[in-house]
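I opened the model to look up a few side chains and their surroundings. My entries follow in the order in which I made them.

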Amino acid sequence: MTIRWGVVLPQGWRSDLTHLTDPVAAFEAMVAVAREADELGGDSVWLYDHVQAVSGEPETTFECWTSLAAIARETHRVRLGQIVTCNGFRNPALLAKMAATLDVASAGRAFLGLGAGWDQREYDAYGFPQPYPSTGERLTRLDEAAAVVTAMLRRPVSTVEGRHHGVREAQNVPTGATASPVPLLVGGSGEKRTLRTVARYADACNLTDHTDPAFYRHKLDVLAGHCADLGRDPDTILKTASFSVFTGATDAEVTARLAGRDRAATAAGSAVGTPAELVDVFGRLVEAGMEYFILYFHEPTDLAPMRLFAREVAPHLG
């Protein structure tokens, strides 16, 4: 099995562009990381679907989908994804049209990442319909949206019935660049509903912010159970994990990257260490069943950590 990896780009949500005061320079810095990932052998680049900085401060934050359309024309090989699209931000039929267009613009390199959404602060600030939906309603909406986008990315004309989301003879031409549909990645680890949505509709799942193999084994066991209930082979679902990486050529460099963070506490949810230590971390996750890693390299406009990973860790992943 070939283990693949992708990179979450700096787009401002994590205050990773604050050192660049010119927004044009900040956008170019984001694109430069995508170009580098393209050259280094990464399989994909990803953006968060957030519209204002998580810090709460008014900081440069670029919109996900329009940025990916620009990045599509600046890269040649990497796939382009969202980690993940907030279902509450866009009508799912329009989202399917956007995904198909991005796929054509990139000559068949689009992913469609989709999640229920969680940041009420953004939702309220941007004037989306009130009240903010409950967790249960957001998960129902996610399941119905997955039904809509999978239909529209596979057929030129679709009709889907749902309580919150549905389409009637909706046309989506072209459905993408090739005969292979744009793959749907569903983000989230909820065992009762989200992983069942994965089993029912998704081409990939995404589990986040853990480095304990036991966490992944358990979630994949739950997913396999849903697949068994629905008559689906779980091996047809790509298992992805996303988390941060703090790395350096030496232990001293790793400590500097941590910038005062407690190493053990950080390592519970992020990959922390020298290349040799990361080979062990990732190897245990591969043994647990993970097949694809979506990585946020701390201080992402500094290309050194990503280059180090590509050179000294990635070749050992399988």
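Leaving aside neighbours within four places in sequence, with which residues is glutamate 36 in contact? I found Leu303, Met306 and Arg307, where contact means heavy atoms within 4.5 Å.

Before going on I noted the ground rules. This is a predicted model, in which local features need pLDDT of at least 70 and side-chain atom pairs count only at pLDDT 80 or more, while totals for chains, interfaces and linings use all residues. Residues are numbered from 1 along each chain as its sequence is written, and side-chain values use heavy atoms, with hydrogens and water left out.

**Entry: glutamate 36.** I placed glutamate 36 in helix H1, residues 23-40 (helices, H or I, have at least four residues and strands, E, at least two; both are DSSP runs numbered from the N terminus). Glutamate 36 has a relative accessible area of 17%, so I logged it as buried (buried is under 20%, exposed over 50%, partly exposed in between, with a 1.4 Å probe and protein chains only). Its side chain makes a polar contact with the side chain of arginine 307 at 2.7 Å. A polar contact is a pair of N or O atoms within 3.5 Å; within protein, one must be able to donate a hydrogen and the other to accept it, and residues adjacent in sequence count only if both atoms are side-chain atoms.

**Entry: annotation.** The unreviewed UniProt entry annotates residues 19-266 as "domain: Luciferase-like"; positions are in the numbering used here, feature names are shortened, and such annotations may be inferred rather than shown by experiment. I read 42% helix and 17% strand over residues 19-266, with the end C-alpha atoms 24 Å apart.

**Entry: cores.** Which residues touch the most other members of the largest nonpolar core? They are Phe282 and Phe309, in a core of 81 residues (a nonpolar core is a set of buried Ala, Val, Leu, Ile, Met, Phe, Trp, Tyr and Cys residues joined through side-chain atoms within 4.5 Å). Helix H5, residues 135-152, supplies the largest share of this core, nine residues. Another core, of 13 residues, lies apart from it and includes Trp13, Phe111, Leu185 and Ile294.

**Entry: aromatic pairs.** I listed 16 aromatic pairs (ring centres of Phe, Tyr and Trp, the last by its six-membered ring, within 6.5 Å; planes under 30 degrees apart are stacked, over 60 edge-to-face, the rest tilted). One of them joins tryptophan 13 and tryptophan 118, edge-to-face at 6.3 Å centre to centre and 70 degrees between the planes. Tryptophan 13 is in the loop between strand E1 (4-8) and H1, and tryptophan 118 in the loop between strand E5 (112-115) and helix H4 (120-125), so the pair ties together parts 105 residues apart in sequence. Tryptophan 13 is buried at 10%, whereas tryptophan 118 is exposed at 54%.

I then took phenylalanine 282 and phenylalanine 293. Their planes are at 90 degrees and their centres 4.9 Å apart, so this pair is edge-to-face. Phenylalanine 282 sits in helix H10 (residues 275-287) and phenylalanine 293 in strand E12 (residues 292-297). Phenylalanine 282 has a relative accessible area of 0%, and phenylalanine 293 likewise has 0%.

**Entry: alanine 110.** Is alanine 110 buried or exposed? Alanine 110 is buried, at 0% relative accessible area. I found it in the loop between helix H3 (92-105) and E5. Its C-alpha is 6.8 Å from that of alanine 99, 11 residues away in sequence.
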